[in-house]
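Work through the exercises below with the structure open beside you. Try each task before you read its solution.

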Amino acid sequence: MARVTLQDVTKRYEDVVAVDEMNVEIEDGEFVCLVGPSGCGKSTTMESIAGLTKPTDGTIEIGEADVTTLPPKDRGVAMVFQNIALFPHMDVYDNISFGLRLRDYDTNEIDRRVEHATDVVQLEGMLDRMPEEMSGGQRQRVAIARAIVREPSVFLMDEPLANLDAKLRVHMRTELQRLHQELDTTIVYVTHDQAEAMTMSDRIAVINSGSLQQIDPPLVCYNEPANLFVAGFIGSPSMNFVDGRLTAFGLETDTFDLKFEPEHLDGVSVGDDVTMGIRPEDVYLSDIGQSADDETAPIGATTDVLEPMGDEIFVYLDLEHESGAPTDEGGMGASSNQLLLSVEPDLEISENEAVTVTLDRSKIHLFDGASGEALTHGIEDLADSPLEQGKPNVGGPDE
Ligand code: ADP
């Protein structure tokens, strides 16, 4: 077990900055996922920790040792990659023990370690199987067992489940969590899949364009995203965003107003561009077949595309009452002037219907329009006194 510390780690490839002054401290025994879109620098960060890539700048420590210039074999790490490279002509026992035999370990010690590793990954009774006789998930477990027998102080896993089918991937997530509990070892895990990161990690390091955006427990990244990028990347379907401007009364968008006292927000002033974010589960349908009414439910919209998911229906709302407007085809949330929400599967609702919605004020996020940094999570406390009546106010689900 060991800490992993990256201090100002930068990796440049000619004019590409793959990793940009990364500062991360991973605790002893922690399971940390590096997550971000393809090309954001996850693998380069991982390869720098493993010693497969030499950073242009910065230092890397594993445990108490500065390993920045050490070769991979002297770092006490074991890697599991996306492509499971098992030797096809060797059975499971030989595949798992190959590295130990190469280093002339004693036979009894090899047997002890192989038995322990196959026990952990639940491959008992399969030691004489050939790789071709095993499923993708079983082969991946052999690859993990091969890492376990090395008894590393840190496991580095780079998209180890990416080649498995969706069902097996979900199953293997649970297996990896169990593995982490059993081995109690530091795990650094690379994935582009935010759901994988959310379900497995102690903390998620969200990376974009080589820079660390936020490193926090999954629910903190979900509920208190540091900026627009994290807000949009974590969560599926993703957060709704609507652009607007700060006024003396709160936020004004092209389609509705949010009332609060903007002086409670640091770093912005009246006239500044601000983006409002709200997750689909925090948008509530108040009435179907009724137009907006400023007194009770100030956001009027028209239903656009409906996506029945079985246990819920995703409803895309067009805030501008324009039927047939283009929707976000990726199903990753709605763009400005659209809101995505989810409703019960048995709700009678159809396309092109007038509806009204309310937003949970405690779940409204505001982001600086220029920097994208979060200004607040929840706007219910942004008032000294009860807000004056008369101007439409977007209320919570109970209002
Ligand atoms: P990720 O793992 O998040 O998909 P990578 O770490 O593989 O991202 O890559 C980060 C950036 O560095 C990308 O723009 C990629 O094209 C670039 N890159 C990675 N490896 C090399 C290399 N050997 N030579 C040049 N550019 C590279």
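**Exercise 1.** Leaving aside its neighbours within four places in sequence, which residues is cysteine 40 in contact with?

*Solution.* Start with the ground rules. This is a predicted model, in which local features need pLDDT of at least 70 and side-chain atom pairs count only at pLDDT 80 or more, while totals for chains, interfaces and linings use all residues. Residues are numbered from 1 along each chain as its sequence is written, and side-chain values use heavy atoms, with hydrogens and water left out.

Step 1: locate the residue. Cysteine 40 sits in the loop between strand 3 and helix 1. Helices (H or I, at least four residues) and strands (E, at least two) are DSSP runs, numbered from the N terminus.

Step 2: list the partners. Contact means heavy atoms within 4.5 Å. Cysteine 40 touches Ala18, Ile207, Asn208, Ser209 and Gly210.

Step 3: check one C-alpha distance. Valine 19 is 21 residues away from cysteine 40 along the chain, and their C-alpha atoms are 7.9 Å apart.

**Exercise 2.** Is cysteine 40 buried or exposed? Then classify the residues of helix 1.

*Solution.* Step 1: recall the cut-offs. Buried means under 20% relative accessible area, exposed over 50%, and partly exposed in between (1.4 Å probe, protein chains only).

Step 1: apply them. Cysteine 40 has 2% relative accessibility, so it counts as buried.

Step 2: move to helix 1 (residues 42–50). Here 7 of the 9 residues are buried. They are Lys42, Thr44, Thr45, Met46, Ser48, Ile49 and Ala50. Just after helix 1, glycine 51 has a positive phi of about 95 degrees.

Step 3: Of its 399 residues, 50% are buried.

**Exercise 3.** How many aromatic pairs does a search of the whole structure find? Describe two of them.

*Solution.* Step 1: count. The search finds 4 aromatic pairs. Rings of Phe, Tyr and Trp (its six-membered ring) pair if their centres lie within 6.5 Å; planes under 30 degrees apart count as stacked, over 60 as edge-to-face and the rest as tilted.

Step 1: take phenylalanine 31 and tyrosine 189. Their ring centres are 5.8 Å apart and their planes meet at 45 degrees, so this pair is tilted. The partners are 158 residues apart, with phenylalanine 31 in strand 3 (residues 31–35) and tyrosine 189 in strand 8 (residues 186–191). Both phenylalanine 31 and tyrosine 189 are buried.

Step 2: take phenylalanine 87 and phenylalanine 98. This pair is also tilted, with 4.6 Å centre to centre and 55 degrees between the planes. Phenylalanine 87 lies in the loop between strand 6 (77–80) and helix 2 (92–102), and phenylalanine 98 lies in helix 2. Phenylalanine 87 is partly exposed at 28%. Phenylalanine 98 is partly exposed at 26%.

**Exercise 4.** At roughly what angle do the axes of helix 2 and helix 4 cross?

*Solution.* Step 1: read the geometry. The axes of helix 2 and helix 4 (residues 136–148) come within 8 Å and cross at roughly 35 degrees. Axes are lines fitted to C-alpha atoms, for helices over the stretch in contact, and angles run from 0 to 180 degrees between N-to-C directions.

Step 1: name the residues. Helix 2 contributes Val92, Asn95 and Ile96, and helix 4 contributes Val142, Ala145 and Arg146.

**Exercise 5.** Where does proline 237 lie?

*Solution.* Step 1: find the loop. Proline 237 is between helix 8 (228–233) and strand 11 (240–247).

Step 1: inspect the bond. The peptide bond from serine 236 to proline 237 is cis, with omega near -5 degrees.
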